[in-house]
Amino acid sequence: MAYVDHAFSISDEDIMMETSYSINNGPPVKEIALAVSLFVFGLVGIILGSFMTYNRIGGDRGHGIFFVILGVVLFIPGFYYTRIAYYAYKGYKGFSFANIPPV
């Protein structure tokens with residue numbers, strides 16, 4: 001007979017009692033909320049920065065250019081992950097909520 005060390009074996013009971021692994025098939029709400037907020041604040045930054053640059057609000061064009069750059073930095077990842085979430089929600093092939101990284 002072969003010796004079996006039961007201290008390190010995994011049985012069906014061990015797997016059923018394990019609670020550290022949870023399967024969640026729902027959409028990641030926090031991540032989608034972050035993506036939408038980045039998208040909205042980026043869009044607002046681009047619009048307000050363009051307005052500030054054109055009308056020289058704040059004394060010179062530098063403040064407006066700063067807001068445009070900040071808006072673009074926020075807009076790009078916000079648009080990217082909002083698009084992934086929308087396509088995953090609609091069920092397009094190749095898009096999944098698993099493509100959105102956890103926060």
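A residue counts as buried under 20% relative accessible area, as exposed over 50%, and as partly exposed in between, with a 1.4 Å probe and protein chains only. By this scale histidine 63 is partly exposed, because its relative accessible area is 41%. The structure is a predicted model, in which local features need pLDDT of at least 70 and side-chain atom pairs count only at pLDDT 80 or more, while totals for chains, interfaces and linings use all residues. Residues are numbered from 1 along each chain as its sequence is written, and side-chain values use heavy atoms, with hydrogens and water left out.

Histidine 63 lies in helix H3, where helices are DSSP runs (H or I, at least four residues) numbered from the N terminus. Leaving aside residues up to four places away in sequence, histidine 63 touches Met52, Ile57 and Gly58, contact meaning heavy atoms within 4.5 Å. The C-alpha atoms of histidine 63 and glycine 49 are separated by 7.5 Å, although the two residues stand 14 residues apart along the chain.

The axes of helix H2 (residues 29–55) and helix H3 (residues 61–90), which are lines fitted to C-alpha atoms over the stretch in contact, with angles running from 0 to 180 degrees between N-to-C directions, come within 6 Å and cross at roughly 155 degrees. H2 is therefore roughly antiparallel to H3, a term for angles over 145 degrees.

Finally, the structure holds eight aromatic pairs, which are rings of Phe, Tyr and Trp (its six-membered ring) with centres within 6.5 Å. Ring pairs join Tyr86, Tyr87, Tyr92 and Phe95 into a cluster.

Note on methods
Phe/Tyr/Trp six-rings, centres within 6.5 Å; stacked < 30°, edge-to-face > 60°. Helix = DSSP H or I, 4+ residues; strand = E, 2+ residues; numbered from the N terminus. Parallel < 35°, antiparallel > 145°, perpendicular 65-115°, else oblique.
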